[in-house]
Amino acid sequence: MAEDVVNEIVATVLEVSVEAGKRVEVGDTLVLLESMKMEIPVLAEDAGVLAEVKVNVGDVIQAGDIIATYQQD
C-alpha cells in the first residue's frame with residue numbers, strides 16, 4: 001500500500017537524506033527542514049521502499065505538501 005509523507009509546517013528543505021527506490025526503516029531521517037531557525041527532521045513512520053521524493057534542497061514547502069511517497073511492507 002502506498003503512503004504519503006505529508007508536511008505539517010511551512011519550512012525550507014535543508015537536506016534530502018533519501019532517494020527514490022531506496023528502502024527506509026522506521027525512524028530513518030527522510031528530510032531535514034528549517035522553520036523559525038529550528039532544524040526539524042522528518043522521520044519515516046513505517047518501513048518500506050520510497051517510490052518518489054517530491055522535494056529538493058532549497059524548496060519552501062507548505063503545510064499539507066507531500067514530501068515523499070513510499071510503499072509500506
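Author: Val13 stands opposite Leu33, a residue of E4. This is a predicted model, in which local features need pLDDT of at least 70 and side-chain atom pairs count only at pLDDT 80 or more, while totals for chains, interfaces and linings use all residues. Residues are numbered from 1 along each chain as its sequence is written, and side-chain values use heavy atoms, with hydrogens and water left out.

The facing pair belongs to a wider arrangement. Strand E2 (residues 11-16) and strand E4 (residues 29-35) run antiparallel and are joined by 4 bridges. Strands (E, at least two residues) are DSSP runs, numbered from the N terminus, and two of them pair if DSSP finds at least two bridges between them. E2 and E4 take their places in an open sheet of 4 strands, ordered E5-E4-E2-E7 with antiparallel pairing. Strand E5 (38-43) and strand E7 (60-61) each have a single partner strand, so these two stand at the edges, and one side of each is left without a neighbour in the sheet.

From the sheet one may turn to another strand, E1 (residues 2-6), where Asp4 is placed. Asp4 and Ile66 lie 62 residues apart in sequence, yet their C-alpha atoms are 6.3 Å apart in space. Leaving aside residues up to four places away in sequence, Asp4 touches Ile66, Ala68 and Thr69; contact here means heavy atoms within 4.5 Å. With Thr69 there is also a polar contact, side chain to side chain, at 2.8 Å. Such a contact is a pair of N or O atoms within 3.5 Å; within protein, one must be able to donate a hydrogen and the other to accept it, and residues adjacent in sequence count only if both atoms are side-chain atoms. Asp4 has a relative accessible area of 39% and is therefore partly exposed, a class that lies between buried (under 20%) and exposed (over 50%), with a 1.4 Å probe and protein chains only.

Charged side chains complete the picture. Side chains of opposite charge can pair when their charged atoms come close. A salt bridge requires a side-chain nitrogen of Lys or Arg within 4 Å of a carboxyl oxygen of Asp or Glu, and by this rule there are 2 salt bridges. Glu25 forms one with Arg23, the closest N and O atoms being 2.8 Å apart. Glu25 is partly exposed at 37%, as is Arg23 at 42%. Lys54 and Glu52 form another, at 3.7 Å from N to O; Lys54 is partly exposed at 40%, and Glu52 is likewise partly exposed at 40%.
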